[in-house]
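Have the sequence and the 3D view ready.

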Amino acid sequence: MARCPVVNLLWFGNRMARTGFLRPLHTAAGTSSSEPRTGFKPDKVAVVTKTTRYEFEQQRYRYAGLSEEDLKQLLAMKGSSYSGLLERHNIHTSNVEHIVQSLQREGIEVRVVKRGEYDEEVVRWADAIISAGGDGTMLLVASKVLNKDKPVVGVNTDPERSEGHLCLPVRYTHAFPEALDRLCRGEFRWLWRHRIRLHLEGTGINPTPVDLHEQQLSLEQHNRAHRITTLDRQQSAGALHQTYSKPSLLPVRSLNEIFIGESLSSRAKLKPFTPHVKLLLHRASYYEISVDGGPWEKQKSSGLSICTGTGSKAWSYNINKLAEQSVEEVLRIGASQTGLQVPLSREFIEKVTDQYNESLVFGPDERRLFYSVREPISNRVFSSSRQRGFASKVCVRSRCWDACMVVDGGTSFEFNDGAIATVSMSEEDQLRTVLLEN
């Protein structure tokens with residue numbers, strides 16, 4: 001692969017381009033998508049790798065001292081294939097090695113980091129960061145990058161099992177040297193993705209995050225993790241933190257969405273009915289919400305989702321999308337109530353459904369939020385004037401007892417009664433990513 005001449009390299013961090021006609025990276029931040037005037041080649045790249053299911057299962061049962069044969073039998077009992085998990089693990093590992101070797105051949109210093117070892121020190125060290133995994137790994141990588149001039153590139157290391165919406169086109173998984181060459185020559189576009197920032201204030205707050213690391217924690221483990229971080233913080237400060245805390249900007253940014261609600265919003269709650277009988281009840285999330293500085297509204301629901309344009313294709317879309325069956329039933333009712341002749345052909349119903357669902361998706365470069373109230377409860381006490389909508393700022397005051405604010409499904413903050421979250425966007429929080437065509 002041809003190397004980039006030195007004069008055509010665009011350097012990162014606080015370093016400027018070496019030639020007079022090149023600009024510093026930050027000048028493109030005002031545009032959503034832009035052609036680079038030249039290519040780039042960083043000095044140092046951190047490759048952050050996902051935890052494969054095989055590695056996860058090994059870690060999960062390592063404390064019990066299981067042998068590989070024991071693990072095979074245990075997985076078989078659960079209906080999982082040991083050989084299948086090992087095969088996917090080997091595919092991922094091979095693709096990571098391909099990425100690393102391609103970078104090293106270009107004289108780039110590489111540091112391979114498991115997702116559990118990824119922290120702010122790694123971010124500071126690297127000139128650019130490659131997420132080697134799927135969308136989940138990309139979200140984790142992006143959450144800790146607070147410098148809008150630091151590029152983040154996603155590579156899908158198992159395209160057969162991972163969608164990889166946020167990654168390079170899948171053909172570059174096996175042709176990474178070609179991707180490097182195109183980046184070097186400037187044959188790509190920068191895409192500036194807007195992200196969510198979070199300010200937390202109120203009584204009894206704890207801004208210490210719990211990193212979930214793709215570990216499928218039980219509710220008891222999740223709550224214990226929050227209790228430990230809360231207790232440590234209280235003991236180090238020598239107080240119970242019942243005084244009002246001023247707004248604090250949390251040390252993460254959300255690329256997809258945040259979710260606010262009880263730790264498991266659909267979990268069962270045991271309630272004594274008779275001395276010998278207990279009923280299983282749904283626990284709703286209780287909070288107050290203000291949109292764009294409007295009046296506060298009390299709500300009970302299964303939780304609140306707030307997404308970016310990047311996240312509008314993900315969970316938010318599935319929360320709000322309509323099925324053709326629902327659209328057809330609504331159109332039939334509308335036709336019967338109005339007496340209008342509404343065409344109810346399959347083609348018309350499909351067209352209306354698609355048009356509505358497409359309205360839920362917006363560009364990753366758009367500076368606006370989309371909020372969704374999941375299954376709102378409406379009665380004489382609680383209301384939901386709007387179940388979904390666009391906004392510039394959303395404020396939420398918790399009235400929950402055991403709630404969390406989860407960022408991109410990977411980082412959780414305690415969010416209980418008296419805590420107030422302000423959800424917004426800022427130009428300085430944009431994430432610098434690459435658009436590379438097939």
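Here we look at some salt bridges and then at one asparagine.

A quick note before we start: this is a predicted model, where local features need pLDDT of at least 70, side-chain atom pairs count only at pLDDT 80 or more, and totals for chains, interfaces and linings use all residues. Residues are numbered from 1 along each chain as its sequence is written, and side-chain values use heavy atoms, leaving out hydrogens and water.

Side chains of opposite charge can pair when their charged atoms come close. If we call it a salt bridge when a side-chain nitrogen of Lys or Arg is within 4 Å of a carboxyl oxygen of Asp or Glu, the count here is 22.

Take Asp 429 and Arg 253, whose closest N and O atoms are 3.0 Å apart. Asp 429 sits in the loop between β21 (419-424) and β22 (431-435), and Arg 253 in the loop between β9 (244-249) and β10 (257-262), so their bridge ties together parts 176 residues apart in sequence. (Strands are DSSP runs of E, at least two residues, and helices are runs of H or I, at least four, numbered from the N terminus.) Asp 429 is buried at 2% relative accessible area, and Arg 253 is buried at 6%. Buried means under 20%, exposed over 50%, and partly exposed in between, with a 1.4 Å probe and protein chains only.

Now find Lys 78, which meets Glu 57 in a salt bridge at 3.4 Å, N to O. Lys 78 is partly exposed at 38%, while Glu 57 is buried at 1%.

Finally, Asn 318 is in helix α9 (residues 315-320) and is partly exposed at 46%.
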